[in-house]
Amino acid sequence: HKLSVAPEMDIMEYCRKEWRGNTPVAKRMRKGYEAVAQKFASIRRVRGDNYCALRATLFQALSQATQLPSWLQSEDFTMLSENLLSKYDWINQWQLKEKLGRKMREIREEIKDYLILLRKKWKNISEIKGPVEKQEACDKLFTNEEEEYSLYEALKFLMLNTAIELYNDDKNGRRVPVFSWLLFARDTSGNPCQLMHNHLNHIGHSGGLEQVEMFLLAYALQYTIQVYRLYKYSTDEFITFYPNDPEEDWPVVTLITEDDRHYNIPVRMCQETVL
């Protein structure tokens, strides 16, 4: 089995291997990695398919999970697919993994299975006390392709659910975060149905997450996603937070990107950072 998240490697060693030249880009990347190395000792490479933003975020969230998030505990969590499909029949067009043309009941049941799996895995891993054992359990999960990709489908469905809630809140005059306006201001996603057809259905197949969808993922998980964007080194956007005005009590996961398309994971916080 191929591990989707490679073993850890010294961050500066990785940088030297990847960015040897003296081009302005290479220099900027090295500076960016040096800045990250002030806080983290190692990096883990994430498999570079179109799921990598979901993979990196979920891996980090599970690696540090100590409890089940409240939204995963709610009674109606596993009923989500039934509730949404009963209200919005266009969700029948949801594209499940590599399989097209499903019947409605199949979609409903299959997504329910994915949601149950997400809750089960999160619960099991969060209950492991020892950091080494916890890491081993995460590594094991991310070598099981069948389960791993099922979890990404669950995350995408949670993103759809969050988008529907935000869209309805806005229509009903309730306050919504700024990114929500941007999400629905795109020509390709004027409403949740278009968002599903033109964006969510393609994640993992023909495209990854765009910036505005990183916000949506953060809201769906109720996590703050902190990203070192290396090509933005020495600008205000070098460290970007999704959302940029996070809730106080949301846990934080940290990712690294060189281009806003592929994400890797920094690990092992340096001692002084922890203190």
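This briefing covers the overall build of one protein chain and then its salt bridges. The model is a predicted one. The chain contains 12 helices and six strands. A search of the whole structure finds 17 salt bridges.

**Overall build**
- A compact globule of 275 residues would have a radius of gyration near 19 Å, and the chain agrees, with 19 Å.
- Along the principal axes, the C-alpha atoms fill a box of roughly 55 × 40 × 35 Å.
- Of the 275 residues, 51% count as buried.
- Among contacts with a separation of 6 or more, 74% come from residues 24 or more positions apart.

**Surface and charge**
- The accessible surface is about 13800 Å², and 49% of that belongs to carbon and sulfur atoms.
- The chain has 37 positive and 40 negative charges, whose mean positions lie 3 Å apart.

- Glu-8 and Arg-268 form a salt bridge, at 2.6 Å from N to O. Glu-8 sits in the segment before strand S1, while Arg-268 is in strand S6, 260 residues apart.
- Arg-268 counts as exposed because its relative accessibility is 54%, over the 50% cut-off.
- Glu-145 pairs with Arg-47, with the closest N and O atoms 3.4 Å apart. Glu-145 belongs to helix H8, and Arg-47 to the loop between strand S2 and helix H3.
- Arg-47 has a relative accessible area of 16%, so it is buried.
- Glu-148 and Arg-55 meet at 2.7 Å, N to O, in another salt bridge. Glu-148 lies in helix H8 and Arg-55 in helix H3, so the pair ties together parts 93 residues apart in sequence. Both residues, Glu-148 and Arg-55, are buried.

**A network**
- Salt bridges link Arg-229, Lys-232, Glu-237 and Asp-260 in a network.

Methods. Residues are numbered from 1 along each chain as its sequence is written. This is a predicted model: local features need pLDDT of at least 70, side-chain atom pairs count only at pLDDT 80 or more; totals for chains, interfaces and linings use all residues. Side-chain values use heavy atoms; hydrogens and water are left out. Helices (H or I, at least four residues) and strands (E, at least two) are DSSP runs, numbered from the N terminus. The radius of gyration is taken over C-alpha atoms; the globule rule is 2.2 Å times the number of residues to the power 0.38. Buried means under 20% relative accessible area, exposed over 50%, partly exposed in between (1.4 Å probe, protein chains only). Contact means heavy atoms within 4.5 Å. Accessible areas come from the Shrake-Rupley method with a 1.4 Å probe; for residues, only the protein chains shown count as cover. Lys and Arg count as positive and Asp and Glu as negative; His and the chain ends are not counted. The place of a charge is taken as NZ of Lys, CZ of Arg, CG of Asp or CD of Glu. A salt bridge is a side-chain nitrogen of Lys or Arg within 4 Å of a carboxyl oxygen of Asp or Glu.
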